[in-house]
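Please find below a short note on the structure shown here.

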Amino acid sequence: MKLPTVFSTLVAALLASASLSAAERMNVVFILIDDLGWSDVEPTNPASFYQTPELKKLAKSGVTFTNAYAACPVCSPTRSAVLTGQYPARTRNTDYFGAAGQKFGQSLPAGAKVEDARLQKRPLVPAPYLGQLAAAHKTLAEAFKDEGYRTFFAGKWHLGGEKHQSLPTDHGFDINKGGFERGGPYGGKKYFSPYGNPKLKDGPEGEHLPDRLATETVNFIKESGDKPFLAYLSFYSVHTPLIGRPDLVKKYQDLKKSYTKQEIWGFDHPRKVRQIQEHAVYAAMVEAMDQAVGKVLQGLEESGVADNTVVIVTSDNGGLSTSEGWPTSCLPLRGGKGWLYEGGIRVPLIVRWPGNGKAGVTSEYQVTSTDYFPTLLSMTGLKPLPAQHVDGLDFSSAVKNPALDQQRPAIFWHYPHWGNQGGIPGSVVRLGDWKYIEYYWGKEPELFNLRTDIGERKNLAKDHPQELERLQAQLEKFRMETQAIAPTHGDAYEKDLKDVKW
C-alpha cells in the first residue's frame, strides 16, 4: 500500500536527519589537568608567572568561566563527579582513593584508633568512603558509547583498579592509555620514560609523559575518521612529584632572577602558605602541560574536525600552596588544594563550542564538576539522563550567552576528611555571591561575600544572621537528601584533644 504523501515525506526527512547526525555529530575532547590552580593559567590570571600560550589561544576561541569549581578540594571525588554527574556525598567517593582512614567494610570497633599515625592525634574519625567508582553508575563515557561514539581515556584515572573491576575500560572507555589505580606517576622515571605504568607502554628513553599522552590522544582522533568520538585526556601533570623538563626549568630559573624580592610565605593555621609564584620546576611542568594541550588542538585541526569538536579544559582541584613542596600560590584566593576555601575548589575552565558558543569572552556564570555530564549531552544533541546526572546542571546556555545573569541553584561541597594539605573536615554551600562553610571541628562557621571578598578574609557570619540561617538550611537539606556521612567523635579521640597539633 502506498504511504500518504505527508507521512512518507516525514519518514524520509527523519531518515535523512538520522543519517546526517551519524556522520556529523559533534565530537568531544575533555581535558582534565591534575592540581592546576585557578591562578596558575593566564586566561584567569594574566599576571601568572607560568606561561600558558596554548590555553590563551584556546580562550580566544571559547569562553573562560571565572566562577568554575571542582566538586572537591582533592582529586578522586572530583573525577567521580565528572563521570557520574553526582556529588561525591551521594556517590560516597568523598576522599581521594587510598587516603588514610576508614573505607566501607573496614569499620572500627568501639573505642579503637585508626592505625595511621597521622590520624591518631586528630579529634575526629574521618567518614568512611567508597574507594572505587561503583559499577551501578552509567558514566559519561557509557552514555556516549551507547550512542555510537568511540571512547578514549588517557592519563590519570585514580577511581579504582583491576581488583574491583574499576578501570576506564570497565566504565565505558574503549581504549585506556595509562589509567590505573595510582594517583600519580610514581613508577620508573616518573614523568619520563620508562614510566613503570602497567597501562602505558614505555616510550623511548627520556620521552616526556604529558607529550606522550597528547600524542596518544591525537592518534585516537586521527584513527576515528568519520566516526564521532569522546576523547578524555586526564593529565598526570601538574601533580607531584615535582619534576620538569630541564630546558623549561632553566627558562624559569632565568626568569626568576628578574623578580623583585617579595615575601614568599604567609600563614593560615595550621600551615604556611606560599604567596608568590616563582617555583621554576612547577612552572616548567605547567608550560609542558600547556604545550601538550596545544598538540591536541593542533591534532584536531590537522584531522579536519576542529570545527566539529567541543573542547573543555579544567582542573580537578585547586593549586598546591600549603604542602608537598609548596609549588604555587593561589592568591588572590585563600588556601589551596585540600582546603574548602576558594584556593582549594575554584579552578580554571575554558569551553569551546564551535558554531554555537561565543569566542574570546569571559563568564561569571557558576559551574561545577557535576555539570559537564548533562552539558555535553546537550551540546552533542544526545538525550539527557536525569536519573544519573541528578546533581548536574546543563550550562550550555551560558556558553552561548556568557553574560547570562540568571542565578543558578546552590553548589555544594562535602569533605568529611582531614586534608593532607592542612584543611579540616567541613561542608560548604555557595548561592549567588554568598558562601557558607560549616566545620565539623575546630573553627566557627564562616560566611563570605565572594563578590566583595574573593580572598575570604572577612567572616560575616555575625553581621548577616538571616543569610547565615538561609544557607545553613540549604546545606542541611543537601546533606539529608544525599544522606551525606559525617566524621564521628570517639572516646579514643576525645581524650587526646588537649594534645592535638595540626
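1. In this predicted model, helix α6 (residues 209–224) and helix α8 (residues 280–302) pack at an angle of about 15°. Angles under 35 degrees count as roughly parallel, and α6 and α8 are therefore roughly parallel to each other. Their axes lie 9 Å apart, and the crossing is right-handed.

2. On the α6 side of this contact are P210, D211, A214, T215, T217, V218, I221 and K222, which meet A288, A292, K295, V296, G299, L300 and E302 of α8. By class, the residues of the α6 and α8 contact comprise eight nonpolar, three polar and four charged.

3. Helix α7 (residues 246–257) also approaches α8: their axes come within 8 Å and cross at roughly 125°. The two helices are therefore oblique to each other. The crossing of α7 and α8 is right-handed.

4. The contact between α7 and α8 draws on L248, V249, K251, Y252 and Q253 from α7, and on A280, V281, A283, A284, E287, A288 and Q291 from α8. Eight of the residues in this contact are nonpolar, two are polar and two are charged. A288 of α8 is listed in the contact with α6 and also in the contact with α7.

5. As to confidence, the chain has a mean pLDDT of 90, with 88% of its residues at 70 or more. The pLDDT is below 50 over residues 1–23, a stretch with five contacts beyond near neighbours in sequence. Residues 104–118 also have pLDDT below 50, and that stretch has 27 such contacts in the model. Where pLDDT is low, predicted coordinates should not be read in detail.

Methods: Residues numbered from 1 in each chain as written. Predicted model: local features only at pLDDT ≥ 70, side-chain atom pairs only at ≥ 80, totals over all residues. Heavy atoms only, no water. Axes fitted to C-alpha atoms, helices over the stretch in contact; angles between N-to-C directions. Helix = DSSP H or I, 4+ residues; strand = E, 2+ residues; numbered from the N terminus. Parallel < 35°, antiparallel > 145°, perpendicular 65-115°, else oblique. Left-handed = near helix turned anticlockwise from the far one by under 90°. Contact = heavy atoms within 4.5 Å. Nonpolar A, V, L, I, M, F, W, Y, C, P; charged D, E, K, R; others polar. pLDDT = per-residue confidence, 0-100.
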